[in-house]
Amino acid sequence: MPPRAEEPRRDPSGSRRGSSRATGGRGEPRTGEPGVQGISDARAYTPRGRTVREERQAAGRPTAGGAEQRRTPRGGRAGGDPFRPALQVLDGGRAGGGRAGRREPVPAARAAVVRTVPTRARPDDDDDAPRPPRRRPAGRGPRRPTRPTRPAAGRSPRKPRKPPRLADPRRRLRLGTLLVLALFATIGVRLVFLQAVDTPAYAGGGLADRVIRIDLPAPRGAIYDRTGAPLANSVEARYVFADPTRVRDRTETARALSPLLGRPASELAERMKPRTLENGKASQFEYLARGVDVPTAKKIVALDLYGIGVHRDERREVPGGDLAANLIGFTSQDMVGLEGLEARYDDLLRGEIGRRVYEAGQGKLDAPIPGGYSSTTLPKPGSSLQLTIDRDLQFKAQQVLKSQVAKVQGSVGVAIVLDVPTGEVLAQASHPTYNAAKPQESEPTDREDAATSFVVDPGSIHKAITFGAALQEGVITPDTALPIPDSIVRGDTTFRDTHPANGRLMSLPGMLAYSSNVGTIEIADKLGPDRLIDYQKRFGLGQPTGEGIPGEASGRLLPAQSWSGSSYGSVPIGHSVDATPLQMAAAYAAIANNGTYVQPHLIKEVISGKDGSRTPGKAPVTRPVLSPANAKALRTMLEAVTTVDGATGLAAAVPGYRVAGKTGTGIRYVDGKQQPGEVGSFIGMAPADNPRFVVAVFVWSPGGGGGAVAAPAFRDIMGFTLSRNRVPPSGAPAPKFEVFPR
């Protein structure tokens, strides 16, 4: 007998409720499936895991055909699924748990399906029968609290609990947007300040720590003689330095460096001692040696000493040692000129140093940063000087001067060679001298250039100026002869001659040959002090020659208004006049150059360090002093000094050449005080008929006798000069002079 059809239930709204799952999900009962009820009972499982049939048999209730209402599980599949009931049990007995609160109408055809597992009570179900309590299997934990039962029939169902009210998402979105915008605005403002306002401060904050500056030394220009031979030049070298903050053992490091650097270990250790700079930071650089040759520097590098470094340097080399040292001077270890031409033309010789600036890491990463800031300014080499000095002639002058001065144990000697037409200084020797490569081993007085700093009363060599002025002013003529007494008084001073004339008539050549003081004073009386002083200035006395040596003395002329009674006697014969040897040599060169004064100079050309172009030196100052005729007449008179018997300058005669010149005996003053001894001198020119060179020799000997060595020194130097320059001997002999005409 088929089971009784189940009447569909109605919900309070009057609609039919039921499940369509038993009808195949389409609201129609399944056909062709006999024994549906039996299969449902067999496959429906109770909460205890047994089928409904087994449960009823165990309770003594009928298994089929009874009047008990049965329920089918509410699911989305056909009732033939054997595992669906179990899944419903695990789901709490609710069918369609994924569709809470959803109601579907139950078709009438579905009433024939018998439920085997009771569905879970819902708040809005109209089934008021109490649900049997569940039994828990033995051995399980305590029972969970029972849920409240559904309201009885006729009561109003409990309203579903309202979900909690959520916050308005739009407010949160607005707030979040405002916060993000504020954050970005703050960042933007800060970036503007960093990029525009605070840029210099931040950019330069760490620049000093990571930027390395290396000076690229500019090669110092060389100094050459007139032939291009180097007198002083720079060579590549190295300097050795210490970083006191990195030196581990000062004593051992100093001992290792001492034999290589040639310095005491105690001195090196003291330099490596840590010290604090003025800015409060520890010193990281101390020179240990400068100008170290390259092979020695390589040995130091091979030692691999901590805190010791080697870098490129420059060393001044003087091939000739003391050759022209008083002219050339020397430089400091930093290649700065200190004396002589090195100091006078330091700006020109030094050039402009270059610089490399780059960013480098710190510590072990002490290397240029790839892509970092880097800038290189190439150095500009210094220009070179080509002097008018002849190296061989300079060497000969120094050699002769040294040997002659040694004979009288003189303390100061000077030898000058001038080229007459050009005023070029071919040699300028001083004694004593020094080794310019080792200036620290000499005394300051040894390094002076005596030709420009040795101020003396020239003595009788000044008489040529007095005679020249008198000839030019027409006071005398070449044929003039005057009676010369043995002495003459001017003021409170009596002036005498070394070769008394005893009142006889004496010619002008005779006065020069015997160096007559009385005759010169009488000629100066006719000339007058004003005109004499004027010619002194024209001949270049009383002002520096401007040759190029720094610290050149100007000498001093006594103004006419300052003359005393004795000045009328002392000034014409070369006393009460201060002059340098170079000034007197230039005055005689004017006589040799047909009366035209040419400023003596040392610089022949300037060689550019950039492109090697040559620029002639500054043109010398020239001015007429005597007419050519008067200059020639005076030269002829001066030949008597080296030819007349008993003349004062016979020792200065050069075989084969006509020589015109004058001897002198002067006085040296230092700080206004007269020094002991005398200054012997001789200045002459050759060949006298067509002079090419002027040689001046001065020797100060505290014990006297300077005149005895000056003339022989002149002879040797002039002879070598004429021979070196291949000057042919004089074709005609010197004229015969009559000292005492009748």
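Q: What makes up the accessible surface of this protein, a predicted model?
A: The accessible surface of the protein comes to about 39300 Å². Carbon and sulfur atoms hold 52% of that area.

Q: What share of the residues counts as buried?
A: Of the 742 residues, 43% count as buried. Buried requires under 20% relative accessible area, so 43% of the residues fall below that cut-off.

Q: Why are strand 15 and strand 16 called paired?
A: Pairing requires at least two bridges, and strand 15 (residues 487–490) and strand 16 (residues 493–496) have four bridges, so they count as paired. Their sense is antiparallel.

Q: What do strand 15 and strand 16 form, and how many residues lie between them?
A: They form a hairpin with two residues between the strands. In the turn, G491 has a positive phi of about 65 degrees.

Q: What secondary structure does the protein have?
A: There are 23 helices and 25 strands. Of the contacts with a separation of 6 or more, 71% are between residues 24 or more positions apart.

Q: How confident is the predictor, and where is pLDDT below 50?
A: The average pLDDT is 82, and 77% of the residues score at least 70. Over residues 1–43 the pLDDT is below 50, although the model gives this stretch 86 contacts beyond near neighbours in sequence. Residues 64–79 also stay under 50, with 50 contacts beyond four places in sequence.

Technical notes
Residues numbered from 1 in each chain as written. Predicted model: local features only at pLDDT ≥ 70, side-chain atom pairs only at ≥ 80, totals over all residues. Heavy atoms only, no water. Buried < 20%, exposed > 50% of the residue type's maximum accessible area, 1.4 Å probe, protein only. Contact = heavy atoms within 4.5 Å. Areas by Shrake-Rupley, 256 points an atom, 1.4 Å probe, with all protein chains shown as cover. pLDDT = per-residue confidence, 0-100.
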